[in-house]
Amino acid sequence: MSGVQEAKPEVRLSARELAEYYCAQGDLMAARASIRRALEGAAAHRRLQAEQEEGYLKEVPLSVTLERPEYMLTVEGRADGIVPLAAQVHEIKTTYLPLEELDWEHYPAYHAQLWIYGFIYALDKGLSGVSLRLTYYQMQNGKTRDFITQASLRSCAPALTPWWRTMRA
């Protein structure tokens, strides 16, 4: 025995990929089929981010590496915003649907992505819980609809669980 440990393989996923996998849905970007629509969505994000309270951090990179016996799993992404004093993770999603038709879980992959970000942020900051805020921005009229919930670190963790289980040997 040489005492040299073999490096574990590393699996890297974006939070978006994991959310899509978790929900067994297609690409979150499928609704943004055109370049024009993508540019409009980015402009809407910037507009909403500029309107947030003092202390709001925009486009916050988040990453966590979790060790399994067989491999290392790294999940990373970028939350649209973080309010550190409120321990709040914010995601903005643009839509052409009427806001009254949308609820907290209307698009399960959006919901799962926010929970993944909440887990990563809480774990990174040593928090027992976070506030999760999902904002839908209606593209035709600029109106918004917010959904906010409080989540414990433990309640956020299942967002990683289904994929995690499939990777076990």
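1. The protein chain exposes about 9,500 Å², of which carbon and sulfur atoms supply 53%; accessible areas come from the Shrake-Rupley method with a 1.4 Å probe, and for residues only the protein chains shown count as cover. The model is predicted, so that local features need pLDDT of at least 70 and side-chain atom pairs count only at pLDDT 80 or more, while totals for chains, interfaces and linings use all residues. Residues are numbered from 1 along each chain as its sequence is written, and side-chain values use heavy atoms, with hydrogens and water left out.

2. Five helices and six strands are found in the protein chain, where helices (H or I, at least four residues) and strands (E, at least two) are DSSP runs numbered from the N terminus. Their order from the N terminus is β-α-α-β-β-β-α-β-β-α-α.

3. Of the 169 residues in the protein chain, 43% are buried, that is, under 20% relative accessible area with a 1.4 Å probe, protein chains only.

4. Strand S5 (residues 129-138) pairs with strand S6 (residues 144-152) in the antiparallel sense over nine bridges, pairing being assigned if DSSP finds at least two bridges between two strands. Tyrosine 136 stands opposite arginine 145 in S6, and in the hairpin, which has five residues between the strands, glycine 142 takes a positive phi near 75°.

5. Threonine 135 lies in strand S5 and is buried, with a relative accessible area of 2%. Leaving aside residues up to four places away in sequence, threonine 135 touches several residues, including Leu48, His90, Ile92 and Thr144, a contact meaning heavy atoms within 4.5 Å.

Note on methods
Buried < 20%, exposed > 50% of the residue type's maximum accessible area, 1.4 Å probe, protein only.
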